[in-house]
Amino acid sequence: MSLKEQFGNDVLLTGWGHSRFGKLTDETLESLIIQVATEAISNAGIEPGQIDEIYLGQFNSGMMPLAFPSSLALQVSDQLANVAATRVENACASGSAAFQQGTKSLLAGTAKTVLVIGAEKMTHAGADVVGAALLGADYDMAGQTSTTGFTGLFADVAKHYEKRYGRGDGQLGDVLGSIAAKNHRNGVDNPYAQLRKDLGEEFCRTVSDKNPMVADPLRRTDCSPVSDGAAAVVLSTSPTGGATAPVRLAGFGQANDFFPAERRDPTAFAATRMSWQRALGMAGVGLEDLDFAEVHDCFTIAELLMYEAMGLTEPGQGARAVQEGWVFKDGKLPINVSGGLKAKGHPVGATGVSQHVIAAMQLTGTAGDMQLANPRRAAVQNMGGVGIANYVSVLEAV
């Protein structure tokens, strides 16, 4: 049973906008929001006054003094005066959280057209400020001093994985290096990406002065960069006559895990798995029905675990998806054709919306050099914390 069959109406992505990701010193949070919102509204073929609600995904957590940005999108046009606007925060999944809130407004019948924005400005803040902000998304480390920050938390996940599945003697490191190299290679074709250089597997697998160990076993190339950027999408219950064909939301899922680390299996990512099951179940499809997926590779170990959480491989067998080429651009399920967070960048609040926009571009044949051959169905997976807040969407070409 599809989303439309369950709820009685469609949720369509009818327009979108995307900024470049990276160190954008000439941009402010406000200018980024205005840029992508204006682009999305124009792309949807509507007037700003047709927007019923606005949801803005932003993490912030002290990285910016302005902690109340929900009305910034109203700067786009005087027609947006008095439109309801809400900021949504759920750590690194803030963008997808905003997307699902917009979706639920359409399904509830309280809106017919919703503007969803994800935005973050990070690179102006010092490393200590960014590190402390990100650690605020961890139950055990919030407010604590750490030399390795969130990288250290995912390094611990990698160590648990090695211990459980025996990926010692550098084997896990090689697999993670291959994931990094794949995403850097894909990022070359993404005009929005922060890192557009094919680094090669040897560089990504090797510890060096240019690729130091950040938190054993994760090297610099295993970590997504600190980024500025924004993305926006217009959600509607019917086609709006936009610049491209709309994209249909076929299903969505959310699941949260327990916050204290002691209450979670460190390699199972159980709530991530559940969010996949809920989204695929709502859409009435299986993994074999997907043509590609954009997943949350904040660190390469996270992407490896996503292969297992989504059911592409059995637990402990994620390496097969890389070694046998399944997740490459020409594989049976291309993963992170955009370059992922690893190469595209990770402006925290923008990431989830960006993933939806990139997927919509693919499904409408407007992804440029990133374009796959006639994809019809895709999944987007976005995560906050160490597998804590989990969102999955299934999107289909119309």
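These legends walk through a few close-up views of a predicted model. Residues are numbered from 1 along each chain as its sequence is written, and side-chain values use heavy atoms, with hydrogens and water left out. Because the model is predicted, local features need pLDDT of at least 70 and side-chain atom pairs count only at pLDDT 80 or more, while totals for chains, interfaces and linings use all residues.

View 1. Strands here (E, at least two residues) and helices (H or I, at least four residues) are DSSP runs, numbered from the N terminus. Two strands pair if DSSP finds at least two bridges between them. Strands of a sheet pair through backbone hydrogen bonds, either parallel or antiparallel.

**View 2. Strand 1 (residues 12-18) beside strand 7 (residues 229-236).** This pair runs in the antiparallel sense over six bridges. Look for G17: its bridge partner in strand 7 is A232.

**View 3. Strand 10 (residues 377-384) and its two neighbours.** Seven of the eight residues in strand 10 are buried (under 20% relative accessible area, with a 1.4 Å probe and protein chains only). Strand 9 (residues 292-294) pairs with strand 10 in the parallel sense over three bridges, and A293 stands opposite A379 there. Strand 11 (residues 389-397) pairs with strand 10 in the antiparallel sense over eight bridges. In strand 11, N390 is the bridge partner of M383. The hairpin of strand 10 and strand 11 has four residues between the strands, and G385 takes a positive phi near 70°.

**View 4. Helix 5 (residues 149-165) crossing helix 9 (residues 300-309).** The two axes, which are lines fitted to C-alpha atoms over the stretch in contact, come within 10 Å. They cross at roughly 50° (angles run from 0 to 180 degrees between N-to-C directions). The contact (heavy atoms within 4.5 Å) is made by F154, V157, A158 and Y161 of helix 5 and I301, A302, L304, L305 and E308 of helix 9.

Methods: Buried means under 20% relative accessible area, exposed over 50%, partly exposed in between (1.4 Å probe, protein chains only).
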